[in-house]
Amino acid sequence: RENFKIQTTYVKALQGLIEEDGRVHTEFVQTGAATGRLSSRNPNLQNIPQESKWSRDLRAVFEAPKGFSLLSFDYSQIELRVFAAVAQDKTMIEAFKKGVDIHTLTASKVIGLGLDEVSKEDRRLAKALNFGLLYGMGVSAFAKSSGLTREKAKEFVEAYFREFSEIRDWQERTKEEARKFGYTKTLTGRRRYLPAINSFAPQFAAEAERAAINHPLQGLAADIMKMAIVKSKEKLVEKNFFGEKARMLLTIHDELLFEVADDIIEEVGDLVRREMEGVFDLGVPLRVEISKGKDWGNLTKV
């Protein structure tokens, strides 16, 4: 089934979409996602598999032209950084400021271990917990995603909220405001209306509550990315790089992909990273990881 999907959805489909210039062109939609994220269609180039055994081969067919390389700029854990800043959780903010791995710290706090005692499995569970609670996941869903029993999952969630108490306070406050006003909003002012938040049907109300918690986080991350796109282009235009020597190809949620002339890679890398990391004063440092390569499937960290 996987092989059939890869063949029909990607290999054959993309071959049929190659235009006269030898490229595949996507359309970006600004109004497709309620959180403000850009989406891609005809074809959806944000959806090229990352986890499949075919991922590298599929991405490797997207090559930079001669004399150019692909540069990827990826915001590191941006939604967790936004989470810490919006909820004003002192422990998480301090960890990001000191450069401590947030999943290792979470495992340390929740399980009661020293930072150097946290195993890969402990970190995996903590990562599932961090991202799950970011999206308003409950105990049952966490048990299912982590493979823990419901009782053990409940213990983990309770320990998490004891250690990161500002997180729960912010979530409850956000849901209450959504019930009162009918919407939630990001720090940049983007609103998402949630008419089902006061529904008498529990499943609709619960879904709206999850959206109420998620929107201020994912929505702000999306807005930061859009501001980064604009600022990066402005700086590249100032340097007379934009268009001929540096081209912005794709935005894939937390990542920007550029095509850059080989002789200015270092300069463009520094410039774009500086703009992306400084575009919004979050109170938590934004970090960008850069990778480069001759094709999209074989990018290596710089």
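## Ground rules and a loop residue

Helices (H or I, at least four residues) and strands (E, at least two) are DSSP runs, numbered from the N terminus. With that in hand, L115 sits in the loop between α5 (102-112) and α6. This is a predicted model, where local features need pLDDT of at least 70 and side-chain atom pairs count only at pLDDT 80 or more, while totals for chains, interfaces and linings use all residues. Residues are numbered from 1 along each chain as its sequence is written, and side-chain values use heavy atoms, with hydrogens and water left out.

Back to L115: its relative accessibility is 44%, so it counts as partly exposed (buried means under 20% relative accessible area, exposed over 50%, partly exposed in between, with a 1.4 Å probe and protein chains only). Leaving aside residues up to four places away in sequence, L115 touches V100, T104, L105 and S108, where contact means heavy atoms within 4.5 Å. E94 is 21 residues from L115 in sequence, and their C-alpha atoms are 15 Å apart in space.

## Where α6 meets α7

Helix α6 covers residues 120-134 and helix α7 covers residues 139-146; their axes come within 10 Å and cross at roughly 145 degrees. Here axes are lines fitted to C-alpha atoms, for helices over the stretch in contact, and angles run from 0 to 180 degrees between N-to-C directions. The crossing of α6 past α7 is right-handed (left-handed if the near helix is turned anticlockwise from the far one by less than a right angle, right-handed if clockwise).

Which residues of α6 and α7 meet? On the α6 side they are R124, L125, A128 and L129, and on the α7 side F142, S145 and S146. Sorted by class, this contact has four nonpolar, two polar and one charged residues. For that sorting, Ala, Val, Leu, Ile, Met, Phe, Trp, Tyr, Cys and Pro count as nonpolar, Asp, Glu, Lys and Arg as charged, and the others, Gly among them, as polar.

## Two buried glutamates

Take E259, in strand β7 (residues 255-261). Is E259 buried or exposed? With 2% relative accessibility, E259 counts as buried. The E259 side chain makes polar contacts with the side chain of R23 at 3.0 Å and with the side chain of R247 at 2.7 Å. A polar contact is a pair of N or O atoms within 3.5 Å; within protein, one must be able to donate a hydrogen and the other to accept it, and residues adjacent in sequence count only if both atoms are side-chain atoms. Not counting residues up to four places away in sequence, E259 touches several others, including A64, P65, F68 and K245.

E79 is in helix α3 (residues 78-87), and it is buried too, with a relative accessible area of 4%. Its side chain has a polar contact with the side chain of R37 at 3.2 Å. Beyond residues up to four places away in sequence, E79 touches R37, L134, Y135, Q218 and A221.

## Aromatic pairs

How many aromatic pairs are there? The count comes to eight, using the rule that rings of Phe, Tyr and Trp (its six-membered ring) pair if their centres lie within 6.5 Å, with planes under 30 degrees apart counted as stacked, over 60 as edge-to-face and the rest as tilted. One of them is the edge-to-face pair of F73 and F258, at 5.5 Å centre to centre with 80 degrees between the planes. F73 is in strand β3 (residues 68-75) and F258 in strand β7, so the pair ties together parts that are 185 residues apart in sequence. Both F73 and F258 are buried.

Elsewhere, Y160, F161 and F164 make up one aromatic cluster.

Most residues other than glycine have a negative phi, and most peptide bonds are trans. The bond from N42 to P43, though, is cis, with omega near 0 degrees. N42 also has a positive phi, near 55 degrees, without being a glycine. P43 lies in the loop between β2 (39-41) and α2 (55-60), and N42 is found in that loop as well.

H253 is not a glycine either, yet its phi is positive at about 60 degrees. H253 lies in the loop between β6 (246-252) and β7 and is partly exposed, with a relative accessible area of 29%.
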